[in-house]
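Let's work through a few exercises together. Have a look at the model first, then try each task before you read its solution.

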Amino acid sequence: MSELDVQPALVCDLLVSFLREEVSSARLERVVIGLSGGVDSAVVAALCARAFGPENVLGILLPYRTSNPDSAADARRVAEQLGIPTRDVDISGMADAYLQASGVKDARRRGNVLARCRMVVLYDLSVEWCGLVVGTSNKSELLLGYSTQWGDGAYALNPIGDLYKHQVYQVAHYLELPEGVIAKPPSADLFEGQTDEAELGFRYADADRILLRLVDRRFSEAELVAEGFDRELVRRIAERVVTSQFKRVPPVIAKLSRRSVGHDFRYLRDWKR
Amino acid sequence: MSAYNARMDCRLAVAQTNPVLGDLRANLGDHLQRIEACAGRADLILFPELSLTGYFLRDQVEDVALRPDDELLRPLLEASKRISIAFGFVERSPEGRSYNALGFLEDGRFLGVHRKVHLVSYGLFDEERDFAAGERFAVVESRHGRFGPLLCEDLWHVPSAYTHFLNEADALLVASASPARGVEAPGPGLASQRTWSILLSASALLYRTWVGFASRVGWEDGIGFGGESRILDPYANPRAAVEGIEPGLAQARIDSATLRRARSEVPLRRDEKPWILAAELARHVPLLSALRAEHALQHE
């Protein structure tokens, strides 16, 4: 048993209740999800299928011409198992119209453009489908800032944003999602051979244990080092959390008037819903 | 008046509700429906904290604050001629302060208003920005018994329930809007609700009292509320409960005969020595006042 373990049945009950209530408070009954073939979007799709019935969940496959074909195959397997309808939208044309014309070579920039193209399609199809876009970023990614702002970081609701990667896996097992989807190395699949852990330079298993202490348990970095964690790794992760804060908050608005959006105009999103 | 002599025989209902944030009319309708559903079968119905308004009000506090004589409350006052009602609302005082309050209605009038004393301003909470704090714990003398109203965090501070204990309340009425948090294994259940269970049971045992706990459910911007409303007897046995995080109702008969037996068996109130605490407070409070004054000077 891991210190990160959650009670998956309880988590699923809570998240199904959350999804139903927050979607209905937007006066909607349906959702769209970008299905990557990875474990995060598989868990979100499974939770949504429970919450709304599979027929109300649209899984959208958004491959680019260099995407690993296994990703789409895995996404389709997840959709078949859950019984949710899917839509395929190849983003190569729209992405290359910009990337090639502008000669963008930098892998990070290209990755961000792909993520934002996917966002454009998800939000457009959400109108056709009359559903909310449900996000698939987990807590590890959110805290490490491992996402594209306004790309995969754009959504109306996120049921798994308070679950570390370890906990997402646990819930995925509980939901009996395909073993291949759970077992494969996490990847944003933005360029060939990319894996999260290679790009980050550390393993989620280590990051999760450090983040659990830094964030949830309010340990200091010194306390973590005293407990035996690698000083350099702790420092890097703590720094990532700080430098990615901009991705986790709304944009900064200059306050000029007597009452400003984002400062002292204080209402929840669920205002009178 | 001593609770030992008083005759209480009250059919208590605790309502587990999911208020719509900031929509007084929708919530009033929900209250009336639930009251109607148990009228004739209950003598007193307890609703959760801020049951008429929803919890994370922020700038909506101004919009939903009501004076006790507000016309909007008329249907509730009318209903209280048939069943006593304890409900959560934002009370607007004549000076313009807003209180997180629990109103107690009976026979068409306000029998009492408990203003939350221990506002929470840590973690998820920012109540001290939006509300003024109450200053006392007063027992409500109802035709159905002597009730000690408390709002959520109040129960975490020992003097709150202790004051009701000294004043010989028959039952604590705890209204709550408590976030559902802590899903770590092995559980079982939510850590937040396990904590409440301990607090409520300890209160029943330490004060040898009935405890009614009305706890809201639902979600506000991704913050879930934990539910698990219940009624405990003075031995801390659950007499009725709403399981889980759906709206519902729990009902049980709470009586003075059980109280008398429990208090004869373990006469904690009889044997309590409040003068020891009084002597300690006499030592501490002047010191605290001096410290506070000094602190204020330093920060001038």
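**Exercise 1.** In which order do the 6 strands of the open sheet in chain B line up?

*Solution.* Before we start: this is a predicted model, where local features need pLDDT of at least 70, side-chain atom pairs count only at pLDDT 80 or more, and totals for chains, interfaces and linings use all residues. Residues are numbered from 1 along each chain as its sequence is written, while chains are lettered from A and ligands numbered from 1 in the order in which they are written.

Step 1: the order is β5-β4-β3-β2-β1-β14, with mixed pairing. Strands here are DSSP runs (E, at least two residues), numbered from the N terminus, just like helices (H or I, at least four). Two strands pair if DSSP finds at least two bridges between them.

Step 2: β5 (109-115) and β14 (248-255) of chain B are the edge strands, each pairing on one side only.

Step 3: zoom in on β1 (residues 9-16) and β2 (residues 44-46) of chain B, which pair in the parallel sense over 3 bridges. There, B:Leu12 has B:Leu44 in β2(B) as its bridge partner.

**Exercise 2.** Work out how α2(A) and α7(A) are oriented to each other.

*Solution.* Step 1: the axes of α2 (residues 39-52) and α7 (residues 165-174) of chain A come within 10 Å and cross at roughly 50 degrees. Axes are lines fitted to C-alpha atoms, for helices over the stretch in contact, with angles from 0 to 180 degrees between N-to-C directions.

Step 2: α2(A) and α7(A) are therefore oblique; angles under 35 degrees count as roughly parallel, over 145 as roughly antiparallel, 65 to 115 as roughly perpendicular and the rest as oblique.
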